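Subject: Two-chain model, handover and findings

Hi,

Here is the structure you asked about. My notes on the contacts between the chains follow it.

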Amino acid sequence: MLDTLLHLPLFWAALTIGSFLLGQRLYAALGNSAFLPPILTGIVLVGLTLELSGISFATYMEGGQYLHLMLGPVVVMLAVPLYQFIHVMKKQWLRISLAVTLGSITTVGTAVFLAAWWIGDDAISITMATKSVTTPVAVTLSEQLGGIGALASAFVIITGVFGALIIPPLLNLTRLNQPHAMGLTLGVCAHAIGTSRAIELGEQQAAYSAMAMTLTATLHAVALPFIL
Amino acid sequence: MAGLLTLVSFLILGTLVQAQLNLPVPASITGMVLLLIFLLLYRRIPNSLTQITRVLSPLLPLFIIPISVGIVTQKQLLSEHGVALLIILAVSLIPGALVCAWIMTTKKGES
């Protein structure tokens with residue numbers, strides 16, 4: 001009976017939804033702490049269940065694919081916030097474009113260089129290049145470019161959690177902590193998780209962070225395939 | 001539902017354009033750029049799209065969980081390089097954040 005259940009695709013779809021729901025509850029209970037995003041809880045719970053039950057990832061995906069299917073339309077949907085931000089950024093477009101472009105080149109360049117030098121595995125280096133992009137884009141992009149989708153997701157989430165942790169004190173220390181600079185930096189370097197940290201810091205930080213995260217994802221998604 | 005139809009239609013369009021032009025950019029990203037161009041020409045966001053965005057945005061992380069769980073297939077790689085990867089991810093944030101914040105702060109009069 002248990003074995004039948006564990007091989008039922010819909011069971012795994014339900015477990016994924018349940019784990020995410022639990023992640024959301026936990027996140028809310030901890031006052032929306034940027035250090036425990038619901039997606040992280042969801043992945044850990046589902047991953048642990050797979051490990052404990054000895055079910056393979058392929059079997060899991062027979063159910064997981066129903067949710068995975070929505071990734072495409074959701075990435076297309078990112079055009080909506082992007083369109084809204086294009087209006088907001090008109091006045092400062094040059095400064096914002098420069099910050100987004102040079103900031104991401106610096107962080108991605110450093111990561112890819114370090115990975116190539118220290119680990120020297122092409123798939124890992126390529127996956128590293130997508131680390132600062134919001135997860136749905138990173139996963140799609142990484143697979144297209146010959147990286148590892150699952151690893152991309154892990155890199156992105158770890159980057160987000162680290163970024164939310166490191167960036168605010170770093171910018172306070174260097175006195176580069178004006179609200180717009182803080183928000184934009186969190187968005188470029190730490191995407192959605194950085195943005196949830198920015199929301200805690202204030203309205204201006206949140207707006208700049210959300211904008212920066214969307215611009216970064218678009219820039220990387222369009223530029224990286226031509227660079228790599 | 002009209003909003004969902006729009007999204008899926010642009011995804012199909014993106015897939016066709018990507019295949020036709022042999023673009024290295026993923027189909028969904030191509031679809032996103034096409035939808036952005038449409039919105040720029042249309043000059044506003046149709047109600048149906050606003051609605052579907054409101055429904056789907058909070059669910060976005062859920063749709064990423066399945067592929068992310070694939071990390072369980074990378075155990076060997078993680079046990080071999082896990083620490084190095086964590087250090088690289090943390091260290092590479094610092095120069096990027098400083099460049100970003102510096103550009104946003106320099107010549108302050110403009111902002």
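E51(A) is partly exposed, because its relative accessibility is 40%; that class lies between buried, under 20% relative accessible area, and exposed, over 50% (1.4 Å probe, protein chains only). Its salt-bridge partner is K75(B), at 3.0 Å, N to O. A salt bridge here is a side-chain nitrogen of Lys or Arg within 4 Å of a carboxyl oxygen of Asp or Glu. The pair crosses between chains: E51(A) sits in helix α3 (residues 38–53) of chain A, and K75(B) in helix α5 (residues 75–91) of chain B. Helices are DSSP runs (H or I, at least four residues), numbered from the N terminus. K75(B) is partly exposed too, at 46% relative accessibility. Over all chains, the structure holds one salt bridge.

Some ground rules. This is a predicted model: local features need pLDDT of at least 70, side-chain atom pairs count only at pLDDT 80 or more, and totals for chains, interfaces and linings use all residues. Residues are numbered from 1 along each chain as its sequence is written, chains are lettered from A and ligands numbered from 1 in the order in which they are written, and side-chain values use heavy atoms, with hydrogens and water left out.

Now the interface. Contact means heavy atoms within 4.5 Å. On that basis, 87 residues of chain A touch 74 residues of chain B. The area buried between the two chains is about 7,100 Å², and carbon and sulfur atoms give 84% of it. Buried area is the accessible area (1.4 Å probe) that two parts lose on being put together, summed over both.

L98(B) is partly exposed, at 27% relative accessibility. Leaving aside neighbours within four places in sequence, L98(B) is in contact with L170(A), L171(A), T174(A) and L176(A).

Last, the cysteines. How many disulfides are there over all chains? The count is zero, with a disulfide taken as a pair of cysteine sulfur atoms within 2.5 Å. For C189(A), the nearest cysteine sulfur is that of C100(B), 5.1 Å away. C189(A) is buried, at 0% relative accessibility. C100(B) is buried as well, with a relative accessible area of 0%.

Best wishes

Key
Helices (H or I, at least four residues) and strands (E, at least two) are DSSP runs, numbered from the N terminus.
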